[in-house]
Amino acid sequence: MRILIIGGSGFLGAELVRQAAAAGHATAATFAAKPGTVAATWHALDLRDSERAEVVVAEVDPQLIVNATSGGSDWAVTAEGPIRLAMAAARYGCRLVHVSSDAVFSGRRVHYDESCLPDPVTPYGAAKAAAETGIRLAYPDAVIARTSLIIGDWRSEHVRLVHDLVAGCRDGFLFTDDIRCPVHVIDLAAVLLELGSGEANGVHHLGGADAVSRHELGTLIASRDGLDASQLPAGLRADSPVPGALDVRLNSRATQRKLHTTLRGARQFLAVGYSSPS
């Protein structure tokens, strides 16, 4: 299968490229600043360029596109770019898996399955929700995969934050009232490729099996990495000016029942001495 990974030089994208290439797929990937280090055919792509996405799709002629870009609250990258990509995928008859986020939810109802409608409370969440709406209109056969905090090695922003907080080289807190369902990057990449290689479409939730606070997550990461977890400062998001939902728990059971890959929980994949699959 010919696979095109959009955002292949990022944390999730690099794992997607690694797994796709290891499985013997002809793998191409895009980058915004510089190519990744994993062996693939690399193409420069700025999703703010209204024409470049279709050019890359035409050049690669993929059977599957996985969009793993992360543009933060940049509306042009996070909202508009994926919609143009979906239009190109529909035009060229490629399967499309778009990675979305639990940031599309406010946390007011805590537990969210695939039938729940977005109600974002941050600019990033609003951009992700807009992308979902546009993709579903432009390409109804696309897969929209909502996920949560992505964990792995030092390339994960959440892992880097824990190391920096313990070392005292970054200010901040890990909130004890901010609950999510973290997922391991290896599991997430495998599931995205699994969904893309089948006949799935529509919205799928890909959260890990455990709901944990950001502080508990930090403690698990510190313990795994041999750091002093007592050095992690705790706080309440409810007392913070930082915007964002408090408790968002993705119910991924419906999707998990259809998958061969298991979405492990953070308490499992971060357990001291636990060996993750490669």
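Helices, at least four residues long, and strands, at least two, are taken here as DSSP runs numbered from the N terminus. On that basis, the secondary structure of the protein chain in this predicted model comes to 9 helices and 15 strands. The radius of gyration of the chain is 18 Å, close to the 19 Å that the globule rule gives for 278 residues, so the chain is as compact as a globular protein of that length. Taken along the principal axes, the C-alpha atoms fill a box of roughly 50 × 35 × 35 Å.

Of the 278 residues in the protein chain, 51% are buried, and the accessible surface comes to about 12,200 Å², with 52% of that area belonging to carbon and sulfur atoms. Among the contacts with a separation of 6 or more, 75% are accounted for by residues 24 or more positions apart.

Helix H6, which covers residues 185-197, has 13 residues and reaches 18 Å from its first C-alpha to its last, a span close to the 18 Å expected at 1.5 Å a residue. This helix is mostly covered, as 12 of its 13 residues are buried; the buried residues include Val185, Ile186 and Leu188, together with the acidic residues Asp187 and Glu194.

Two further residues, each in a helix, illustrate how positions separated in sequence are arranged in the model. Lys128 is found in helix H4, which runs over residues 123-138, and its relative accessible area is 4%, which is under the 20% cut-off, so Lys128 counts as buried. When residues up to four places away in sequence are not counted, Lys128 touches Thr69, Thr78, His98, Val99, Ser100, Ser101 and Val104. The C-alpha atoms of Lys128 and Gly71 are separated by 9.6 Å, although these residues are 57 residues apart along the chain.

Val60 lies in helix H2, which is made up of residues 52-60. With a relative accessible area of 15%, Val60 is likewise under the 20% cut-off and is therefore buried. Leaving aside neighbours within four places in sequence, Val60 is in contact with Arg2, Leu4, Ala28 and His43. Val60 and Ser106, by contrast, are 46 residues apart in sequence and 38 Å apart in space, C-alpha to C-alpha.

Technical notes: Residues numbered from 1 in each chain as written. Predicted model: local features only at pLDDT ≥ 70, side-chain atom pairs only at ≥ 80, totals over all residues. Heavy atoms only, no water. Buried < 20%, exposed > 50% of the residue type's maximum accessible area, 1.4 Å probe, protein only. Contact = heavy atoms within 4.5 Å. Rg over C-alpha atoms; globule rule 2.2 N^0.38 Å. Areas by Shrake-Rupley, 256 points an atom, 1.4 Å probe, with all protein chains shown as cover. Expected span 1.5 Å × (residues − 1).
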